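Dear colleague,

My notes on what was found in it follow.

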Amino acid sequence: MITDVAPWGESDHLVREAVRSLLRRYGRSYFLDCYRKGREPEALWHDLCKAGYVGAGVPEHLGGAGSSLETVIAVGEELALAGMPLLSFIMTELCLPVLARNALPETAARLLPPIITGDRRLAFAITEPDAGTNSFAMRTTAIRSGPEYIVSGRKRWISSAGDADDLFLVCTDGEPSRREGRRPITILMVDMRSPGISTEVLSADAGTPERQYDVIFDNVRVPTENLVGAEADGAAALFASLNTERVLIAAFAYGVGVHCISRAVDYARERAPFGAPIGGYQAVQHPLAACWAELTAARALNRDAISAVERSDPRGAGLANAAKWLASEAANRAADHAIQVHGGNGITDEYDLIPLWRTTRLMRFAPINNEMVLNQIGQHVLGLPRSY
């Protein structure tokens with residue numbers, strides 16, 4: 001298996017070795033069993049929390065390890081390389097730094113530690129049935145009423161919502177702003193046990209154990225101290241985290257893509273219907289070599305993006321978007337070629353490639369579609385007119 005990727009320094013090497021040691025106790029078979037049974041990989045998640053890998057980038061005084069973004073990315077990359085691309089890891093690592101930086105100190109100190117230790121599970125809710133990529137068109141509202149907000153509306157495509165204890169909710173006050181008719185954004189931390197919340201499982205298959213949900217809010221009361229960032233100005237807090245989301249997705253895409261190539265290479269070395277291994281045929285070998293080259297290039301670009309994002313370099317957004325685009329496109333091609341190499345076996349449950357293809361296909365449009373990524377690069381990197 002081509003999974004022993006080059007580390008990014010001595011500390012990164014030590015982290016990766018520790019993560020691999022933990023993951024070897026589970027393996028792809030565990031992840032696949034959870035996926036097929038529709039249950040959350042609780043044991044793996046709790047071990048990741050116990051080892052300090054969940055919320056690693058959160059400051060120590062709030063329960064995290066105070067690690068660099070590079071460390072968080074290394075953990076995510078190793079999960080994907082092992083065939084365990086936990087969507088929950090991406091969503092949690094996206095939300096926790098926003099909460100740490102923008103919530104009231106006492107709120108962050110109350111909410112963060114139990115999530116980091118695994119005592120409470122977190123879900124992220126931004127997408128809606130009619131808003132999709134345009135977050136400013138959302139209709140889920142949080143109306144101030146004394147010491148509470150009254151939340152009403154519906155969110156869609158919310159990973160693990162049915163198993164979550166807390167929800168990082170992005171909503172609006174319902175009043176259009178004067179800037180292009182955009183509704184102002186408010187972020188709240190919501191207890192999923194609050195009266196008025198219900199969930200509906202969606203018929204969707206992303207190739208991972210986490211199920212997708214609609215979350216419905218019917219006059220749900222949320223304490224005002226659960227506000228994250230400024231009221232009606234949560235966009236600044238949220239969008240500051242999007243570059244982190246992009247590089248996390250790029251790392252996951254790289255890992256899953258390399259996992260798929262490794263599976264195809266192992267099969268091509270053994271499969272010999274005409275007497276010689278099919279891996280010796282250029283029609284088999286060249287596409288896999290091209291995918292490896294693309295993924296390796298995506299990882300190198302992502303390394304530059306991670307460094308820029310950590311330094312708050314203005315180039316970080318463009319690099320992060322480019323890394324997400326390149327890695328997700330390459331990963332999906334890698335999964336497709338792996339299936340092609342396996343022929344009819346590629347679509348059987350036994351060979352377990354279709355779930356991986358589903359995951360790589362998902363990364364091309366979630367949590368942001370690649371067309372919008374290219375829009376951002378065109379406008380903000382190339383200086384072209386806004387195209388949407």
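Two strands are taken to pair if DSSP finds at least two bridges between them; strands (E, at least two residues) and helices (H or I, at least four residues) are DSSP runs, numbered from the N terminus. On that basis, Arg154 stands opposite Ile216 in β7. This is a predicted model, in which local features need pLDDT of at least 70 and side-chain atom pairs count only at pLDDT 80 or more, while totals for chains, interfaces and linings use all residues. Residues are numbered from 1 along each chain as its sequence is written, and side-chain values use heavy atoms, with hydrogens and water left out.

Strands

β3 (residues 148-159) and β7 (residues 212-223) run antiparallel and are joined by 9 bridges. β7 is also antiparallel to β6 (residues 197-201), through 5 bridges, and here Thr199 stands opposite Val215. β3 in turn pairs with β2 (residues 141-145) in the antiparallel sense, over 5 bridges. Ser145 faces Glu148 of β3 as its opposite residue. The hairpin of β2 and β3 has 2 residues between the strands, and Gly146 takes a positive phi near 65° there.

Backbone exceptions

Most residues other than glycine have a negative phi, and most peptide bonds are trans. Two places depart from this. Ala232 has a positive phi, near 65°, and sits in the loop between β8 (227-228) and α7 (234-239). Ala366 and Pro367 are joined by a cis peptide bond with omega of about 0°; Pro367 belongs to the loop between α11 (354-363) and α12 (370-380).

Helix packing

Axes are lines fitted to C-alpha atoms, for helices over the stretch in contact, and angles run from 0 to 180 degrees between N-to-C directions. The axes of α5 and α6 (residues 105-116) come within 10 Å and cross at roughly 155°. α5 is therefore roughly antiparallel to α6 (angles over 145 degrees). α5 passes α6 in a left-handed crossing, that is, with the near helix turned anticlockwise from the far one by less than a right angle. α4 and α8 pack at about 30°, with their axes 7 Å apart, and are therefore roughly parallel (angles under 35 degrees). The crossing of α4 and α8 is right-handed, the clockwise case.

The second largest pocket

A pocket is an open set of points on a 1 Å grid over the protein atoms alone, where a 1.4 Å probe fits, with protein on both sides within 12 Å along at least five of seven lines; lining residues have an atom within 4 Å of a point. The second largest pocket has a volume of about 480 Å³, a volume being the space filled by probe spheres set on the points. Its lining has 24 residues, of which Leu69, Pro97, Arg101, Thr244 and Val309 lie nearest the centre. At least two lining residues come from each of α4 (69-81), α5 (87-102), α8 (242-270), α9 (282-310) and α10 (316-342). α5 gives the most, with 5 residues. The lining divides into 12 nonpolar residues (Ala, Val, Leu, Ile, Met, Phe, Trp, Tyr, Cys and Pro), 4 charged (Asp, Glu, Lys and Arg) and 8 polar (the others, Gly among them).

Yours sincerely

Conventions
Angles under 35 degrees count as roughly parallel, over 145 as roughly antiparallel, 65 to 115 as roughly perpendicular and the rest as oblique.
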